[in-house]
Amino acid sequence: MKSYDVAECGCPLRLFERPTPTPTGSEVLLRVLAAGVCHSDLHFWEGAYDLGGGKKLKLTDRGMKLPLTMGHENVGEVVALGPDAQKMSVGGVKIGDRRLVYPWIGCGQCLVCRRGEENLCLKPGFIGVHRPGGYSDHLMMPHPRYLVDYGDIPAEQAAPLACSGVTTYGALKKLGRDLVEREAVVIVGAGGLGLMCLSILKAMNGRGAIVLDIDARKRAAAMQAGALAAIDPNAADAQQQIVKAAGGALWAAIDLVGSSSTVQLCVDCLTKGGALIVVGLFGGAITIPTPYLPLRALALRGSYTGSLGELKELVELVRKAPLPYVPMRVRPLDEANAALADLKAGRVIGRQVLGPGG
Ligand SMILES: [Zn+2]
Ligand SMILES: [Zn+2]
């Protein structure tokens, strides 16, 4: 099998050829049909998160080992099964099945895992982060339970549901269905994640989104995708524009960028009792006067990916109400480095997917 791996943080991915592994136990081997190129791959590639004030959080200190095959948004076709996986009659898979991969795998033993929130496990074994991912022609999964039937959704549209989809769905669910149906939601960032969030909000019968992005082309893409308004967060009167677009009071914001200035702007715009969900890992730090939290009854919450249950819910939602699809560029696996470079340079509108169809 061949894969493009991070051999050294920040350096171009290197082509590795290894023998294709044989599944043992409950393992399932998939041939990769589509692997989304996600913004967080840039962090894994660079090997760090920015904590603000010149501080960095190194990913190699958090269980990431090199060389690493990235790629956590994968769709594949089952090509081989371990002996235990073959025997599973309920929840099993068979050769030729096409499945969406749930990548946020935990230890399976602890309380959060047993509660069904493996994405929050303290001993993660995430696909494309701690285990080899989909920047490859083959992918090994530890168990069929992580493989989700995506029906007739096209493979390259299904793949991003595993990360950008479930991440934005998880954030929207934290705001609550009632709130998103009743009130306009600010979405910071109109990249792939932002457009995905906008689409899922629609599928959830949301009132609509006010999208913030510094890039005029991305604001135009957001308007085309049905945003209520698209505003430049660097405009001198950004706060007034946002509150006006929200109808006088902003109740909810999802920050998919997560920089010092975007989180600050969201906090400044929220009305009493409002909620901010931070998803983006751009990095930075903010100072909030602590009395604001009680006096303005603010809810400030982080959200990290989503659970296996949420991914299954999302797939059902999308199968019933197909998303107004996010613009998608399918590229061959051999263009993995170019895809990362384009993403880093901000040249991508929508989403890139690697795969044999590229
Ligand atoms: Zn991702
Ligand atoms: Zn666990």
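Trainee: Which residues in α9 and α10 meet?

Mentor: From α9, the residues are Ala238, Gln239, Ile242 and Val243, and they meet Leu265, Asp268 and Cys269 in α10. By class, this contact of α9 with α10 comprises five nonpolar residues, one polar and one charged. Please keep in mind that this is a predicted model.

Trainee: Where do the two helices sit in the chain, and at what angle do their axes cross?

Mentor: Helix α9 covers residues 238-245 and helix α10 covers residues 260-269. Their axes come within 10 Å and cross at roughly 50°. The two helices are therefore oblique to each other.

Trainee: And is that crossing left-handed or right-handed?

Mentor: The crossing in which α9 passes α10 is right-handed.

Trainee: Let us turn to α5 and α7. How far apart are their axes?

Mentor: The axes of α5 and α7 are 9 Å apart, and the helices pack at an angle of about 55°. This pair is therefore oblique as well, α5 to α7, and the crossing of α5 and α7 is right-handed.

Trainee: Which residues make that contact?

Mentor: On the α5 side they are Ser164, Gly165, Thr168, Tyr169 and Leu172. On the α7 side they are Leu193, Met196, Cys197, Ile200 and Leu201. The contact of α5 with α7 has seven nonpolar and three polar residues, with no charged ones.

Trainee: What about α1 and α13: at what angle do they pack?

Mentor: Helix α1, residues 39-46, packs against helix α13, residues 336-344, at an angle of about 105°, and their axes are 10 Å apart. That angle makes α1 roughly perpendicular to α13.

Trainee: Which side chains belong to that contact, and how many are charged?

Mentor: His39, Asp41, Leu42, Trp45 and Glu46 in α1 meet Leu340, Leu343 and Lys344 in α13. Three of the residues in the contact of α1 with α13 are charged, four are nonpolar and one is polar.

Trainee: Changing topic, how much space lies in the second largest pocket?

Mentor: The second largest pocket holds about 910 Å³ of space. Its lining consists of 40 residues.

Trainee: Which of them lie nearest the centre?

Mentor: Tyr49, Arg62, Leu281, Ser303 and Tyr304 lie nearest the centre of the second largest pocket.

Trainee: Which helices and strands supply at least two residues of the lining?

Mentor: They are β4 (48-52), α5 (164-175), α10 and β16 (299-302). The lining of the second largest pocket divides by class into 20 nonpolar, 14 polar and six charged residues.

Trainee: One last topic, the backbone. Is the peptide bond from Leu66 to Pro67 cis or trans?

Mentor: The bond from Leu66 to Pro67 is cis, and its omega is near -5°. Pro67 is found in the loop between β5 (55-58) and β6 (68-69). For context, most peptide bonds are trans.

Trainee: And what is the phi of Asn205?

Mentor: Asn205 has a phi near 65°, which is a positive value in a residue other than glycine. Most residues other than glycine have a negative phi. Asn205 lies in the loop joining α7 (192-203) and β12 (209-212).

Definitions and conventions
Residues are numbered from 1 along each chain as its sequence is written. Chains are lettered from A and ligands numbered from 1 in the order in which they are written. This is a predicted model: local features need pLDDT of at least 70, side-chain atom pairs count only at pLDDT 80 or more; totals for chains, interfaces and linings use all residues. Side-chain values use heavy atoms; hydrogens and water are left out. Axes are lines fitted to C-alpha atoms, for helices over the stretch in contact, and angles run from 0 to 180 degrees between N-to-C directions. Helices (H or I, at least four residues) and strands (E, at least two) are DSSP runs, numbered from the N terminus. Angles under 35 degrees count as roughly parallel, over 145 as roughly antiparallel, 65 to 115 as roughly perpendicular and the rest as oblique. A crossing is left-handed if the near helix is turned anticlockwise from the far one by less than a right angle, and right-handed if clockwise. Contact means heavy atoms within 4.5 Å. Ala, Val, Leu, Ile, Met, Phe, Trp, Tyr, Cys and Pro count as nonpolar, Asp, Glu, Lys and Arg as charged, and the others, Gly among them, as polar. On a 1 Å grid over the protein atoms alone, a cavity is a set of points where a 1.4 Å probe fits but cannot get out, and a pocket is an open set with protein on both sides within 12 Å along at least five of seven lines; lining residues have an atom within 4 Å of a point. Grid points are joined across faces, edges and corners, and a volume is the space filled by probe spheres set on the points.
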